[in-house]
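Trainee: I have a model open and would like to learn how to read it. Could you walk me through a few features?

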Amino acid sequence: MSSFHEVQEQLLLSYEDGILDEDEFLLLHEQFMPKNPNFSYEEYDRFSLDEMNDAECLAEFRFRKHDLQILSEVLQIPDSFRCYQRSVVDGMEGLCILLRRLSYPCRYSDMILRFGLPVPVLSMVSNDVLDFIYNTHRHRITQWNHNVLNPAALQIYSNVISGKGAALHNCFGIVDGTVRPVCRPGEHQRVIYNGHKRVHALQFQCVALPNGLIGNLFGPVDKFCGEGLYKERVGDFNFTMFLTRNIGRVSGVKKGRKHDAGMLADSGLLQDLQRFANSPAGSMPDRRTSKMDPHRIYLQTPFRNRALTAPMIAFNQSMITVRESVEWLFNDIVNYFKFMDFKKNLKISLSSVGKMYVVCAILRNALTCLYPNQTSQYFILDPPTLQDYFS
């Protein structure tokens with residue numbers, strides 16, 4: 001199939017040869033006028049990672065030059081990507097196209113200088129690589145990951161969190177919800193409108209671990225109102241969910257909103273805790289160890305809505321201190337992949353915004369394995385190697 005540019009050249013030749021008169025030429029030329037700008041990508045060289053230095057790779061792709069090859073191997077990136085219109089790009093080039101796209105808000109036309117490819121090909125390759133990483137590795141954070149959430153590892157997490165002054169000696173991670181604003185859609189606006197934040201947004205629930213990794217991610221959720229803050233506990237027995245806010249009842253949710261408890265219930269996290277969150281000894285939880293009235297074994301709330309004593313206040317304060325680490329992880333995702341923080345280009349009718357955020361979380365975990373982040377440094381706990389995490 002000929003491109004608009006080729007058709008226009010044929011029309012011009014036909015006009016010069018007298019096959020078309022002036023009126024016919026103007027009519028057909030306007031009919032075959034491309035809607036998108038015609039960028040001269042042929043003037044630029046194709047992408048070559050060998051010609052880039054370490055600083056350029058770190059700035060444009062968020063990974064150092066020698067680490068990109070390791071990342072490609074653990075992500076199982078194929079040798080090449082073939083688009084549906086038969087354009088073929090190298091696997092490493094496709095990975096770098098996606099990383100460049102996510103690292104900072106930019107147009108595909110801005111990437112022509114680096115990759116020497118037309119805008120449609122850059123768009124198709126970026127989507128193909130995004131789909132590949134999502135389909136191949138999403139289970140590492142959307143499901144219970146036994147590589148990082150096994151009983152021995154959970155015991156280590158609880159020890160380091162307790163060592164930072166947490167009153168709960170069996171807390172292994174922090175669960176929090178985040179609201180990611182998106183561009184206002186042309187239709188079905190109320191479905192994703194967040195009444196609490198007064199913005200159109202998608203919501204995610206994240207389990208943050210003290211080694212700086214995102215242990216579990218649930219979302220996107222399109223009917224959620226407010227931020228839910230949960231904590232998980234582990235010790236000589238199973239784990240208990242700890243809520244820093246009362247969740248109340250779930251019924252009566254208005255359209256465009258969703259209660260914290262609704263997102264927690266939909267995520268299936270409590271069921272995963274009951275199945276997998278066991279101590280190395282495998283013993284059952286002892287309810288008497290908690291000073292709070294739990295909603296259930298794996299779900300508790302802090303002291304509130306009553307006359308708080310000094311020990312109750314100290315207990316709440318100690319848990320608030322360690323829960324800030326989950327906020328650092330949310331900031332890491334949008335700081336390293338700033339495209340997710342540019343809501344005007346996050347159009348859910350045109351792009352897979354939820355899939356992008358999940359892939360960014362996976363890449364953020366890969367970054368943490370290579371370069372420990374603020375959370376792992378605060379708890380003084382090294383994350384696993386990149387090969388171990390993706391094994």
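Mentor: Happy to! Let's start at Phe4, which lies in helix α1, spanning residues 4-16. Keep in mind that this is a predicted model.

Trainee: Is Phe4 buried, exposed or partly exposed, and why?

Mentor: Compare the relative accessible area with the cut-offs: under 20% is buried, over 50% is exposed, and partly exposed is in between. Phe4 has 42%, so Phe4 is partly exposed.

Trainee: Now Glu93: where is Glu93 found?

Mentor: Look in helix α5, residues 91-103. The relative accessible area of Glu93 is 5%, which means that Glu93 counts as buried.

Trainee: What joins the side chains of Glu93 and Arg46?

Mentor: A polar contact of 3.1 Å. Setting aside neighbours within four places in sequence, Glu93 also touches Phe47, Phe115 and Leu117, besides Arg46 itself.

Trainee: And the chain as a whole? How many helices and strands are there?

Mentor: Count 15 helices and nine strands. Of the 391 residues, 49% are buried. The chain exposes about 19500 Å², with carbon and sulfur atoms supplying 49% of that area.

Trainee: What share of the contacts with a separation of 6 or more comes from residues 24 or more positions apart?

Mentor: That share is 70% in this chain.

Conventions
Residues are numbered from 1 along each chain as its sequence is written. This is a predicted model: local features need pLDDT of at least 70, side-chain atom pairs count only at pLDDT 80 or more; totals for chains, interfaces and linings use all residues. Side-chain values use heavy atoms; hydrogens and water are left out. Helices (H or I, at least four residues) and strands (E, at least two) are DSSP runs, numbered from the N terminus. Buried means under 20% relative accessible area, exposed over 50%, partly exposed in between (1.4 Å probe, protein chains only). Contact means heavy atoms within 4.5 Å. Accessible areas come from the Shrake-Rupley method with a 1.4 Å probe; for residues, only the protein chains shown count as cover. A polar contact is a pair of N or O atoms within 3.5 Å; within protein, one must be able to donate a hydrogen and the other to accept it, and residues adjacent in sequence count only if both atoms are side-chain atoms.
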